[in-house]
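Open the model in your viewer and show it as a cartoon. We will stop at a pocket, then at a sheet.

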Amino acid sequence: MEKYRIHTDSGCDISESLLKKWGVDYCGLSFRFEGDCREYDNYDIEAHEFYEKLGAGAIAKTSAVNTEAFIAAFGKSLA
């Protein structure tokens with residue numbers, strides 16, 4: 001059994017591929033643009049595209065990881 005395990009959320013500014021390579025568990029933050037019914041995960045859109053939308057006047061509404069998602073993620077590490 002490992003002595004420690006690192007968990008983070010997708011707001012850590014490390015690419016999904018690096019997190020997987022390093023074995024770091026993560027939960028995705030989500031957001032949506034005001035007036036858009038689609039909900040995005042941090043890795044669904046490139047940073048430059050996100051900031052272009054903001055520059056064009058879009059308003060992003062963010063959401064933290066819900067408790068159940070963190071419990072599920074930590075539960076896998078404890079099993």
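Start with α2, which gives the most to the lining of the largest pocket, with 3 residues. This is a predicted model: local features need pLDDT of at least 70, side-chain atom pairs count only at pLDDT 80 or more, and totals for chains, interfaces and linings use all residues. Residues are numbered from 1 along each chain as its sequence is written, and side-chain values use heavy atoms, with hydrogens and water left out.

Next, select S10, D13, N42, I45 and A47. These lie nearest the centre of the largest pocket, among 18 lining residues. A pocket here is an open set of points on a 1 Å grid over the protein atoms alone, where a 1.4 Å probe fits, with protein on both sides within 12 Å along at least five of seven lines; lining residues have an atom within 4 Å of a point. Its volume is about 460 Å³, the space filled by probe spheres set on the points.

Colour the lining by class: 8 nonpolar, 7 polar and 3 charged residues. Gly counts as polar.

Helices (H or I, at least four residues) and strands (E, at least two) are DSSP runs.

Turn to the open sheet, ordered β4-β3-β5 with antiparallel pairing. Its edge strands are β4 (40-41) and β5. Strands pair if DSSP finds at least two bridges between them; β3 and β5 have 4. Pick F33: opposite stands A60 in β5.

Finally, bring back α2. This helix lies across β3, β4 and β5, at about 35° to β3. The angle, on a scale from 0 to 180 degrees, is between N-to-C directions of axes fitted to C-alpha atoms.

Notes. Contact means heavy atoms within 4.5 Å.
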